[in-house]
Amino acid sequence: MQITLQQIGKKTTLLVVSLSVLLTGIATVGMKKADAREEYVANSPAFIDTNGHWAAKEIGIATKKGLIKGFPDGTFKPEQTVTQEQFLSLIERVIPSFTGHEPDKDIKETYLQAAMGRWSEKTYHHLASAGIMPSGKPTESMTRLEAARTLLAAIGHQSEGEKYRGTTTKFFTDLSVENETQVMTVYPAYKMGILAGFPDGSFRPDDKINRAQAVVLLNRLETKIDELYPGNVSESEKKAMTQAVSSFVGDVMDKQKIRRYDDLVAYVKKNNQAVSESFLREHFSFMQYEVYDYVRFPQFNELMYFAKIGMNKYRMTVQYYAGDLGGSVDRTFYLSSSDGKTFRLIGKDE
């Protein structure tokens, strides 16, 4: 479980960055309504200022898909800096749709206040329940470090950063291994192929992202989602998977209010529930301690990814905001089913 955005409420000043990509709306002059969207034309993949540009092909691909647009004068302005709200808007276009829920008071005060009344307000509000929140103001430039963090959240892989906690391996000349927050963001983004370094061995975390670079990241995001979540999972299977996990979590945590691990195991066995002990150990091991804090479970209306990873084996990842204690978290559940209708909750290695 990732702690990159952990404790993002009033208790910390961690560089809270999320991984987003946006290129929608870059000229909002005069637009004051929250639901307004920046106006662009040019649905054609060709712009008068992208011919011969290093990202021309990527820009064309994203334009044909309807993910980005140009300006009324037929330009794309590939070198123009991208703001945080623009980056978030692009991410919202690529990730799966989700309902989301009302952000809590701390999130509203800390991360949504600055976007109130802007064209990006709905985007900020929507992505908040998925724990995808930038660190600065909507109009501030998106940096490479912020982009890395936001993209990891967008693909439900912030937890990859845990692999590099305490590492002594130095990947980049300008990134100290002592800066654990940056290492746990940059290293997984780099190893997963989301962002690359420069020929001189640097990463340049504070460099600003321009429109052309944002398009490349947007395309990588879309490709990475397909790569990380394989298999054809039907809508009915997704619904059944979600119901299986959410009903069990809701039952034991909210209805039964079980707080001790032995009581949980006994309850599952007594009621002959379709839940393995490996599943319980992976998600409820915190109950084994006399005094504990636990990162709350998702409400299952946040950003969700589904994959079929083997014969009768499925994976469901939820990216969500877990409150002041957990911050932005991705949690993965494994399930098995022989008919795609009835699911058993299992452990990762079962």
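Which backbone oxygen does the side chain of Ser129 reach at 3.3 Å? The side chain of Ser129 reaches that of His126, a polar contact in the sense of N or O atoms within 3.5 Å. Ser129 lies in the loop between α4 and α5 (144-154), and Ser129 is buried at a relative accessible area of 2%, where buried means under 20%. Leaving aside neighbours within four places in sequence, Ser129 is in contact (heavy atoms within 4.5 Å) with residues including Phe98, His101, Glu302 and Tyr321.

This is a predicted model, in which local features need pLDDT of at least 70 and side-chain atom pairs count only at pLDDT 80 or more, while totals for chains, interfaces and linings use all residues. Residues are numbered from 1 along each chain as its sequence is written, and side-chain values use heavy atoms, with hydrogens and water left out.

The protein has 350 residues, of which 53% count as buried, and its secondary structure comes to 11 helices and four strands, taken as DSSP runs of at least four residues (H or I) and at least two (E) respectively. Two of the helices pack together as follows.

| Helix | Residues | Residues that meet the partner |
|---|---|---|
| α3 | 105-112 | Ile107, Tyr111, Leu112 |
| α4 | 121-128 | Tyr124, His125, Ala128 |

The residues of this contact divide into five nonpolar, one polar and no charged. The axes of α3 and α4 are 11 Å apart at an angle of about 135°, which makes α3 oblique to α4, since angles under 35 degrees count as roughly parallel, over 145 as roughly antiparallel, 65 to 115 as roughly perpendicular and the rest as oblique.

Conventions. Axes are lines fitted to C-alpha atoms, for helices over the stretch in contact, and angles run from 0 to 180 degrees between N-to-C directions. Ala, Val, Leu, Ile, Met, Phe, Trp, Tyr, Cys and Pro count as nonpolar, Asp, Glu, Lys and Arg as charged, and the others, Gly among them, as polar. Buried means under 20% relative accessible area, exposed over 50%, partly exposed in between (1.4 Å probe, protein chains only). A polar contact is a pair of N or O atoms within 3.5 Å; within protein, one must be able to donate a hydrogen and the other to accept it, and residues adjacent in sequence count only if both atoms are side-chain atoms.
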